[in-house]
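Student: I have a predicted model to look over. Can we work through the sheet and what packs on it?

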Amino acid sequence: IKVHLQIRADYNMPTLVKFTDVTVHASNFLQHILFNQDTTYCFDKGYVDYALFERFNKEQIPFVTRIKDNARFVSKEEYNLESCTDDAVLKDEQIELDIRENGKIINQLPLRRIAYWSEQHRKCYEFITNIYNLQPEQIAAIYKQRWQIELLHKQLKQNFPLKYFLGDNENAIIIQIWCTLIY
């Protein structure tokens with residue numbers, strides 16, 4: 001079973017919980033969310049769906065995610081980094097990603113790409129977004145806030161490993177996960 005959560009950052013509480021079979025692609029969870037323009041959505045790169053992001057662009061729904069490792073894009077314009085920009089910001093640019101359907105390119109998706117060096121993890125993170133009015137380090141901070149979900153999952157796995165579940169069928173596991181989330 002996979003557990004998918006939508007968490008409001010200001011409450012640090014799940015607002016939507018869905019369970020799927022482990023074989024179901026993570027992006028299918030997104031069809032259960034009612035998106036609106038007043039919320040900034042932040043996704044793990046497992047939820048990347050370029051067709052959905054194209055809809056976000058059209059409907060002006062802000063989002064932040066990490067770019068997939070195998071993403072093909074063309075750099076259209078590199079933005080100058082202001083002198084006050086955090087040194088961890090390596091690049092801020094306008095890109096176009098290919099939107100494919102059945103292997104054929106059907107459209108180009110214009111997005112902003114930010115490369116950010118995390119000294120703590122000794123790793124470069126690449127974010128894509130349709131938000132242009134925030135500083136690059138603010139975009140990185142939005143994504144960092146998304147880690148609340150990972151911390152909640154980690155806490156669940158550490159404190160309630162499957163070997164301690166009272167039942168081992170799907171329904172029993174789901175009930176016990178709900179009890180854990182409520183607790």
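Student: How many residues lie between S6 and S7 in their hairpin, and which residue in the turn has a positive phi?
Tutor: S6 and S7 form a hairpin with two residues between them. One turn residue has a positive phi, of about 55°. That residue is asparagine 102.

Student: Over how many bridges do S6 and S7 pair?
Tutor: S6 spans residues 89–101, and S7 covers 104–118. Leucine 97 has leucine 109 as its bridge partner in S7. The two strands pair in the antiparallel sense, and the bridge count is twelve.

Student: In S6, which residue is the bridge partner of serine 75?
Tutor: S5 and S6 pair in the antiparallel sense over five bridges. Valine 74 has glutamate 96 as its partner in S6. For serine 75, the partner is isoleucine 95.

Student: What is the strand order in the open sheet?
Tutor: The sheet has six strands with mixed pairing. Its edge strands are S3 (41–43) and S5 (73–78), each pairing on one side only. From one strand to the next, the twist averages 30°. The order reads S3-S4-S8-S7-S6-S5.

Student: At about what angle to S7 does helix H1 run?
Tutor: H1 is residues 50–59. This helix lies across S3, S4 (63–66), S6, S7 and S8 (123–129). Its angle to S7 is about 85°.

Student: What angle does the direction of helix H2 make with that of S7?
Tutor: H2, residues 136–145, packs on the sheet. It touches S3, S4, S6, S7 and S8. Its direction and that of S7 make an angle of about 95°.

How values were computed. Residues numbered from 1 in each chain as written. Predicted model: local features only at pLDDT ≥ 70, side-chain atom pairs only at ≥ 80, totals over all residues. Heavy atoms only, no water. Pairing = 2+ DSSP bridges. Helix = DSSP H or I, 4+ residues; strand = E, 2+ residues; numbered from the N terminus. Axes fitted to C-alpha atoms, helices over the stretch in contact; angles between N-to-C directions. Contact = heavy atoms within 4.5 Å.
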